[in-house]
Amino acid sequence: MTDAPRAPADEAPAGVIRTLRELPRPAIVLLFGIALNRMGSFVALFLVLYLTGIGYSPAQAGFVLTGFGVGSIVGTFVGGSVTGRFGARSVIVWSMLLCGLSTAGLAAVTAIIPLLVVGFAAGAFGQMYRPAAATMLAELTPPQRLVMTSAAGRFGLNLGAAVGPLLGVWLAAAFSYQVVFAVNALVDLLFAAVVWIVIPAVAGHAAPGDAAAPGDAAGPRGAARYRDLLRDRRFLLFLAGMFITAVAEVQYQSTLPLEVQQRGYPTALYGAVVALNGALVILVELPLTTLIQRFSMRATVAAGCLLLGVGLGLFGLPFGPWVFILGAVVWTLGEIISAPSIGAYPALAAPTPALRSRYIGALSTCQTAGWAIGPSVGTALFEYVGGAVWVMCAGLGVLAYLGMRAGVRDLVPR
């Protein structure tokens with residue numbers, strides 16, 4: 001497979017305002033819908049608290065949450081396949097409908113096995129829409145605008161992730177966890193309705209030479225398989241890099257609070273680190289992407305993954321609390337540099353439109369698997385080998401850098 005052709009050199013990369021102005025209305029609606037859906041997603045945040053509140057032990061609650069996580073991995077993988085067969089719009093609508101029903105079911109069942117089954121279903125259907133939404137955005141967006149559109153989508157996701165927990169806490173305190181899940185379900189159903197009503201069945205940006213029209217059109221799409229992706233050795237290196245990057249990145253959720261606690265610092269320091277990460281991403285990523293998209297994807301993805309791993313590795317240095325702030329800045333800079341290009345890359349690297357959803361689904365699956373496995377690896381290292389977990393993060397950053405330099409094609413999305 002050859003590298004994708006570069007866009008004309010005389011077309012300068014666009015900033016966020018110009019990009020949003022040029023996007024078709026369905027793409028804008030989809031971006032707002034994704035942000036709204038993220039803002040209303042509460043299951044993973046409150047499931048353990050809800051289950052322990054109705055009498056289950058922490059271990060049993062964790063068992064159900066693990067089922068939700070396994071469902072999320074399965075959902076991202078299946079989402080790429082069914083999107084290629086049935087079309088992005090249909091998959092978004094049906095996955096959100098079924099996710100809404102599954103989420104509402106969490107408040108309606110009380111036995112452990114039904115809770116496990118419904119939790120698995122909520123995780124699977126809740127993540128199945130991700131490859132479909134990313135595929136639809138790629139179909140609706142001109143290739144030279146995809147990196148900036150990816151950054152705009154991440155802005156909505158991060159804003160939703162910042163506001164959502166506050167809304168969930170208020171709903172739980174003012175009403176109940178059943179209301180929290182009911183609101184989650186209503187948001188899913190609203191997202192499905194908006195996509196069904198506003199976004200046409202066939203709507204998108206068809207690049208020259210595409211074998212099939214985007215949207216829900218049938219035809220060559222259905223013939224594509226994940227096994228076709230396995231022939232792309234360079235993309236497999238990219239996926240491996242994304243998996244190990246996710247293993248490293250999730251340590252800020254699972255192991256960093258333990259590190260802060262072990263050194264005798266207040267929990268507020270951990271909260272400040274996480275808040276700093278979120279604030280920098282929300283405030284800096286969009287304007288910085290205007291500059292970053294001028295560079296090749298190979299350079300931005302590789303450098304970002306390296307900085308992310310090194311930034312996390314700084315948390316292990318035996319200095320004062322300022323080292324946590326420095327580590328957060330470096331890690332967040334790596335995330336900002338790499339994430340928009342990572343979000344855009346699979347759609348641009350896929351050799352045919354028929355394989356686009358599989359490439360996107362494979363990325364989502366590898367990231368989700370890394371986020372699921374990483375906490376167990378990191379906390380075990382922390383318990384038995386101490387600071388080795390932060391050495392691991394730095395090492396994974398170096399490995400990801402080497403893998404991305406070898407695997408990512410030298411695309412310049414202009």
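Axes are lines fitted to C-alpha atoms, for helices over the stretch in contact, and the angles between them run from 0 to 180 degrees between N-to-C directions. The legends below describe close-up views of a predicted model.

**View 1. Helices α4 and α6 cross with their axes within 6 Å of each other.** Helix α4 covers residues 58-86 and helix α6 covers residues 112-140, and the two axes cross at roughly 35°. The crossing in which α4 passes α6 is right-handed. The residues that make up this contact comprise 16 nonpolar, 13 polar and one charged. Leu 115 is a residue of helix α6, and with a relative accessible area of 0% Leu 115 is buried. Between the C-alpha atoms of Leu 115 and Gly 105, which stand 10 residues apart along the chain, the separation is 8.4 Å.

**View 2. Helices α14 and α15 pack at an angle of about 145°.** Two packed helices are described by the angle between their axes and the distance between the axes. Here the axes of α15 and of helix α14, which runs over residues 297-313, are 7 Å apart. The crossing of α14 past α15 is left-handed, and the contact between these two helices holds 14 nonpolar, seven polar and one charged residues.

View 3. One of its members, Trp 322, has its place in helix α15, which spans residues 322-349.

**View 4. Glu 285 and Arg 154 meet through their side chains in a salt bridge.** Side chains of opposite charge can pair when their charged atoms come close. In this pair the distance from N to O is 2.7 Å. Glu 285 and Arg 154 are both buried.

**View 5. Arg 409 forms a salt bridge with Asp 232.** The closest N and O atoms of this pair are 3.2 Å apart. Arg 409 lies in the segment after α17 (388-407), whereas Asp 232 lies in the loop between α9 (226-229) and α10 (233-249), so the pair ties together parts that are 177 residues apart in sequence. Buried means under 20% relative accessible area; Arg 409, at 4%, is therefore buried, and Asp 232, with 3% relative accessibility, also counts as buried.

**View 6. Glu 259 and Arg 263 form a salt bridge, one of five that a search of the whole structure finds.** The closest N and O atoms of Glu 259 and Arg 263 are 2.8 Å apart. Glu 259 is buried, its relative accessible area being 6%, while Arg 263 is partly exposed, with a value of 25%. Elsewhere, salt bridges that share partners join Arg 154, Glu 285 and Glu 335 into one network.

**View 7. Arg 356 and Ser 81 are 275 residues apart in sequence.** In space, the distance from C-alpha to C-alpha between Arg 356 and Ser 81 is 10.0 Å. Arg 356 lies in helix α16, which extends over residues 353-385, and Arg 356 is buried, with a relative accessible area of 10%.

Definitions and conventions:
Residues numbered from 1 in each chain as written. Predicted model: local features only at pLDDT ≥ 70, side-chain atom pairs only at ≥ 80, totals over all residues. Heavy atoms only, no water. Helix = DSSP H or I, 4+ residues; strand = E, 2+ residues; numbered from the N terminus. Left-handed = near helix turned anticlockwise from the far one by under 90°. Nonpolar A, V, L, I, M, F, W, Y, C, P; charged D, E, K, R; others polar. Salt bridge = Lys/Arg side-chain N within 4 Å of Asp/Glu carboxyl O. Buried < 20%, exposed > 50% of the residue type's maximum accessible area, 1.4 Å probe, protein only.
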